[in-house]
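Take a moment to look at the fold as a whole. Then follow the text from the overall shape down to single residues.

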Amino acid sequence: MKNSENSQKNAIAYFRSPQTIRERCNFIFDLALSNQLQHFYYHPEQLEFVANFVFNNITQNYPDLNVPFHSRWRHFEVGNIPRIQSLQEVLNSLTLLEQTQAKLDLAIISVLLDAGAGEKWQYQEPETQLIWRRSEGLAIASYQMFCQGLFSSDPQYPFQVDAVGLMNLTASQLIQGFQVNNNNPLIGIQGRLELLKKLGQTLYHYPHLFGNQNPRPGKLADYFLSQTQDHQLSAVTVLSAILEGLGEIWPGRLTIHQVNLGDVWYYPGLEAFDSQYPFIPFHKLSQWLTYSLLEPLQDLGLKITDLDQLTGLAEYRNGGLSLDLGLLELKEPYLSEIFHKPDSTIIIEWRSLTIIILDQIAEIIRKKLNLTSREFPLVKVLQGGTWNAGREIAKQRRSDGSPPLKLDSDGTVF
């Protein structure tokens, strides 16, 4: 019994490791190289062309190569409006640790609300009257809700997210916060609400991560301080804490020993590799969240290590780049016209190939810039980089800028 429990614990730890993401994605990439995938052709001769497209994007957007991390904080800065400066002025009366807790609260709640918004939704920012869509719109809307104290149970402390505040959240509050109506529909509003309410419950289950009294996502700052050596904190430690602490919130996912694995999917082609657990992890939102916590933690005086152990993000901008520029090609073109669920073979193949292709693009770009992976980590390639380039080519290919494959998302994956 003990051995079986240990092997299950080992399997859970294995599927939470970024090394496993690369290992399993590489297996699928190798199938692409020998044309054994169900849905995609891979055209390696196009790789240099795609990398050049990204390189030009980086040098155009960041001529001084001073590229920030790809994180939620970039969206809060959209339009060069000093929102974070305004928030900082309000938080200045708090201790540095309390400021970090508030920023982690904001980043976590905003990332969890960042699944695809759909083609039709938009958000009008009250202060500026400017209209924002997609990720930027979701970021500004969640920032406004945070500042209004929507996620706090204590009117004295609006700039926080706590368990009671999340569990008391209603659909009508989110609908109002996102300015949703019949003419302004937002995909997956119910899925988003359930995710936040589930987070509220889950915060109580991990007091070592979120605190005993009034648990909050931002109390992770205290946990990370306890895990540092010489003020150094591994990015993998941050990801591991997120995967452990938030694992229970994802709906209807694969489990091992009743432990929810999160963004992990069954792929039949992996049975030859692992007959017991033919699963492939991506942990897209969890890694996006990890990247989004690093800057506030740096502000706390921590030095982040092991950045390049994390992977690129398996989402439709990074993946769309390869499909729109011909590095990947659908074997059956009609599949671009129909909707696909996250657990479908086509989406799993697409996401797997994206992870490996992002590593390859990063290698080529570093050679062009004559920089090491420490000097120009993957998180900068994404920001510089692939995410922007994916959005740009999508706009060129389709007037609405939608991805090249249609995603039937429940508001919790992309």
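With 414 residues, a compact globule would have a radius of gyration near 22 Å, and the protein chain agrees, because its value is 21 Å. This radius is taken over C-alpha atoms, and the globule rule is 2.2 Å times the number of residues to the power 0.38. The C-alpha atoms fill a box of roughly 60 × 60 × 45 Å along the principal axes.

This is a predicted model, in which local features need pLDDT of at least 70 and side-chain atom pairs count only at pLDDT 80 or more, while totals for chains, interfaces and linings use all residues. Residues are numbered from 1 along each chain as its sequence is written, and side-chain values use heavy atoms, with hydrogens and water left out.

The protein chain has 17 helices and 12 strands. Both are DSSP runs numbered from the N terminus: helices are H or I with at least four residues, strands are E with at least two. Buried residues make up 58% of the 414 residues. Buried means under 20% relative accessible area, exposed means over 50%, and partly exposed lies in between (1.4 Å probe, protein chains only). Now consider contacts, meaning heavy atoms within 4.5 Å. Among contacts with a separation of 6 or more, 75% join residues 24 or more positions apart.

Next, the interior. A nonpolar core is a set of buried Ala, Val, Leu, Ile, Met, Phe, Trp, Tyr and Cys residues joined through side-chain atoms within 4.5 Å. The largest one has 73 residues, and Phe151, Phe178, Leu220, Phe224, Leu293 and Leu297 touch the most other members. Helix H6 (residues 96–112) gives the largest share of this core, eight residues. A second, separate core has 53 residues, including Ala32, Leu328, Ile355 and Ile365.

Some single residues show who meets whom. Beyond its neighbours within four places in sequence, Leu220 is in contact with Leu104, Ile108, Leu209, Phe210 and Ala241. Met145 lies in helix H7 (residues 134–147). Met145 is buried, because its relative accessible area is 1%. Leaving aside neighbours within four places, Met145 is in contact with Leu150, Phe151, Leu174, Gly177 and Phe178. Leu169 sits in the loop between helix H8 (163–167) and helix H9 (171–177). Leu169 is buried too, with a relative accessible area of 1%.

Helix H15 (residues 316–324) is mostly covered, with nine of its nine residues buried. Among them are Arg317 and Asp324. Gly326 follows H15, and its phi is positive, near 80°.

Finally, a pair of helices. Helix H3 (residues 47–61) and helix H17 (residues 378–397) pack at about 105°, with axes 8 Å apart. Axes are lines fitted to C-alpha atoms, for helices over the stretch in contact, and angles run from 0 to 180 degrees between N-to-C directions. H3 is therefore roughly perpendicular to H17. That label covers 65 to 115 degrees; under 35 counts as roughly parallel, over 145 as roughly antiparallel, and the rest as oblique. The contact includes Phe53 and Ile58 of H3 and Ala389 and Ile393 of H17.
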